[in-house]
Amino acid sequence: MLKNRIIRHSLLYGSMAAAICILVALIQFYGIHKSPFGRYKLPAFGINVLFILIAIWTYRATNRGVLTFTEGFSVGFLTNLFAAFITATSYFIFLQLAGNEAIMLWVNENIQAIEKIRDSHVKNFGLQEYTQLLEQAKQVPSAGYVFLDEIGKKQICIIAVTIISLIFRRHTFNIS
């Protein structure tokens with residue numbers, strides 16, 4: 001029963017986090033014409049951490065103020081996992097239906113960023129390394145790569161899950 005409650009709670013807040021991440025990504029892409037897959041992914045991390053915080057806090061509040069580290073970590077980890085999976089799946093479907101315009105925007109942003117650091121990179125690593133880096137940046141990733149990148153990078157939020165779970169844990173010392 002406890003396991004089902006944790007999963008339901010995490011799915012609810014993970015879905016809300018994913019919906020907001022998708023909305024922000026659409027605003028980035030269509031509103032300011034920036035790729036939500038590359039360097040401009042930072043708002044998604046903030047949204048996930050915020051919803052992890054809210055999910056753990058509300059779980060503790062609905063559990064009579066009691067939260068063990070294991071419960072808090074489970075709620076936070078599953079909230080982040082559900083949010084990342086739903087967001088990654090939405091990105092995958094978006095890229096399959098809308099085409100490669102968003103991915104090409106990401107590739108062009110990467111190429112421009114590498115061209116900005118040309119002089120310092122050539123000075124530190126050599127022209128051959130710079131050319132190799134530029135060629136790698138010109139390769140167009142698939143929608144599957146974007147899916148795995150989204151899920152993988154969002155797991156950095158586990159650090160926040162651990163800290164938040166430690167802060168919000170409360171024990172009762174009653175014997176039942």
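## A walk through the core and a salt-bridge network

Start by selecting Ile52, Ile56, Val75 and Ile164: of the 20 residues in the largest nonpolar core, these four touch the most other members. A nonpolar core here is a set of buried Ala, Val, Leu, Ile, Met, Phe, Trp, Tyr and Cys residues joined through side-chain atoms within 4.5 Å. Buried means under 20% relative accessible area, exposed over 50%, and partly exposed in between (1.4 Å probe, protein chains only).

Now colour the helices that give two or more residues to this core: α1 (2-31), α2 (42-62), α3 (69-98) and α8 (158-168). Among the contributors, α2 gives the most, with seven residues. Helices (H or I, at least four residues) and strands (E, at least two) are DSSP runs, numbered from the N terminus.

A word on what you're viewing: this is a predicted model, where local features need pLDDT of at least 70 and side-chain atom pairs count only at pLDDT 80 or more, while totals for chains, interfaces and linings use all residues. Residues are numbered from 1 along each chain as its sequence is written, and side-chain values use heavy atoms, leaving out hydrogens and water.

**Next stop: Ile52.** Leaving aside neighbours within four places in sequence, Ile52 is in contact (heavy atoms within 4.5 Å) with Gly76, Thr79, Asn80, Cys157, Val161 and Ile164. Apart from this core lies another, of 17 residues, including Phe37, Leu95, Ala102 and Trp106.

**Along α2.** Select the whole helix and look for its buried residues, among them Ala44, Phe51, Ala55 and Tyr59. Arg60 and Asn48 are buried too. Just after α2, click on Arg64, which takes a positive phi of about 60°.

**On to the charges.** A salt bridge is a side-chain nitrogen of Lys or Arg within 4 Å of a carboxyl oxygen of Asp or Glu, and by this rule the count comes to four. Pick Asp149 and Lys41: their closest N and O atoms are 2.8 Å apart. Asp149 sits in helix α7 (residues 143-154) and Lys41 in the loop between α1 and α2, 108 residues apart.

At 1% relative accessibility, Lys154 counts as buried. To finish, show Lys41, Asp149, Glu150, Lys153 and Lys154 together: salt bridges that share partners join them into one network.
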